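User: I'd like to learn how to read a fold from its coordinates, one feature at a time. Could you walk me through it?

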Amino acid sequence: MALDERSTGPVEASADPAARPEGTPVPARRGPRSLPPWARITLLAVLAAGFAAAYLTYDVTGNVSYVIERRSTVVLTMVVVAFAGAVSTVLFHTVTDNRILTPSIMGMEALFTLVQTSLVFVFGIAGLNMFPPAVEFLVQTALMLLFAVLLFQRLFTGGIGSLHLTLLVGIVFGVLFGSLSQLMRRLLTPDEFTALQSRLFARLTRADPELLPWVAAAVVLVAVYVWRMHRVMDVVALGRESAVNLGVDHRRVALQTLMIVALLTAASTALVGPMTFFGFMAATLAYQLAGSHEHRHVMPVAFLIGMCALVGGQFFLEHLLGHAGTLSVVIEFTGGALFLYFLLRKAAR
């Protein structure tokens, strides 16, 4: 029961919000099972490590060294993709101040689809394998980064200087690239279309082992840089005006962050193929489970959630369900459903 308003003692929290005296702050609800962010990160790390160990060691028969080597390549691929997809989405949400948008809105995944479709359209099925994997990876990554540089450098740092206009132009280019790809796919033979479709689906278990060390090294360098910038990103998350008032060069930090997002998205897409909603799913769940808004907590939680989704999902589909489905399709369906849910919930407000 609340004390009389004339009393100088503390006012107890009432079960009925309307029964509280006007101006009384609502106490934060902290249940006995609430965990600090570091404990949540630890639990997710243990869960991710458990999934990885189970995937590596479950039902290992025959040539053990070959099986472990192949599965290790798959796990390393998932680590790279989980970090690239989850962290790039968190950074993109911070810079754009919008948790509905995703890095794929910039049109880079559509550019990847256009490049693959053009190779098949011009050279036939042989066009998919006409270049060594390393050369193809570098060319695709370079094209995506060049597109991002031209887009951001011209619009975001030029005379216009509008981030929202930059995103709008990215959407337009994405639609354009997608339309051109669709037109060329309609002109392909059935065999060429089938071969192309297999390349356009994310292939987490078929990444080139020769590329992984180089991509992993680039991701580690980006991870070190991003971790050193996590306090600055906390300030940027307050909004442009607040960040400028606190002494942050918002334009420079935003441009650097967008280039990091472009690099991570390009590397992940060129390595395994497009995964539109994976990063959104990992980042959105991280906001709910991290227990903090600081990037030093949100980014590790998003990465670990992505790891659990990829490694755990692949373990269940491959070993327990007998390859009953494709992991990328399941994740895209789940992420797309989550995207629609939050979009409709935001519209209802």
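This is a predicted model: local features need pLDDT of at least 70, side-chain atom pairs count only at pLDDT 80 or more; totals for chains, interfaces and linings use all residues.

User: Fine. How many helices and strands does the protein have?

Analyst: Helices (H or I, at least four residues) and strands (E, at least two) are DSSP runs, numbered from the N terminus. Here that gives 13 helices and zero strands. Read from the N terminus, the order is α-α-α-α-α-α-α-α-α-α-α-α-α.

User: What share of the residues counts as buried?

Analyst: Buried means under 20% relative accessible area, exposed means over 50%, and partly exposed is in between, with a 1.4 Å probe and protein chains only. By that rule, 47% of the 349 residues are buried. For contacts, the rule is heavy atoms within 4.5 Å. Take the contacts between residues at least 6 apart in sequence: 75% of them join residues at least 24 apart.

User: Now helix pairs. How do α3 and α6 pack?

Analyst: First the conventions. Axes are lines fitted to C-alpha atoms, for helices over the stretch in contact, and angles run from 0 to 180 degrees between N-to-C directions. Under 35 degrees counts as roughly parallel, over 145 as roughly antiparallel, 65 to 115 as roughly perpendicular and the rest as oblique. Helix α3 (residues 108-123) and helix α6 (residues 190-200) have axes 10 Å apart, at an angle of about 150°, so the pair is roughly antiparallel.

User: Which residues meet there?

Analyst: From α3 you have Phe-112, Thr-113, Gln-116, Thr-117 and Val-120, and they meet Glu-192, Leu-196, Arg-199 and Leu-200 of α6. For classes, Ala, Val, Leu, Ile, Met, Phe, Trp, Tyr, Cys and Pro count as nonpolar, Asp, Glu, Lys and Arg as charged, and the others, Gly among them, as polar. The contact of α3 with α6 then has four nonpolar, three polar and two charged residues. As for spacing, an α-helix has 3.6 residues a turn, so residues three or four places apart point the same way.

User: What about α2 and α11: at what angle do they pack?

Analyst: Helix α2 (residues 64-96) and helix α11 (residues 278-289) pack at about 65°, with axes 8 Å apart, so they are roughly perpendicular. On handedness, a crossing is left-handed if the near helix is turned anticlockwise from the far one by less than a right angle, and right-handed if clockwise. The crossing of α2 and α11 is right-handed. Residues in the contact include Gly-85, Ala-86 and His-93 of α2 and Phe-280, Ala-283 and Tyr-287 of α11. By class, the contact has nine nonpolar, four polar and no charged residues.

User: Let's finish with single residues. Is Thr-77 buried or exposed?

Analyst: Thr-77 of α2 is buried, with a relative accessible area of 1%. Leaving out residues up to four places away in sequence, Thr-77 touches Leu-204, Ala-207, Leu-212, Leu-271 and Val-272. Arg-70, also in α2, is partly exposed at 36%. With that same exclusion, Arg-70 touches Tyr-55 and Glu-318.

User: Where does Asp-97 lie?

Analyst: In the loop between α2 and α3. Asp-97 is exposed, with a relative accessible area of 60%, and has a positive phi of about 55° although it is not a glycine.

How values were computed
Residues are numbered from 1 along each chain as its sequence is written. Side-chain values use heavy atoms; hydrogens and water are left out.
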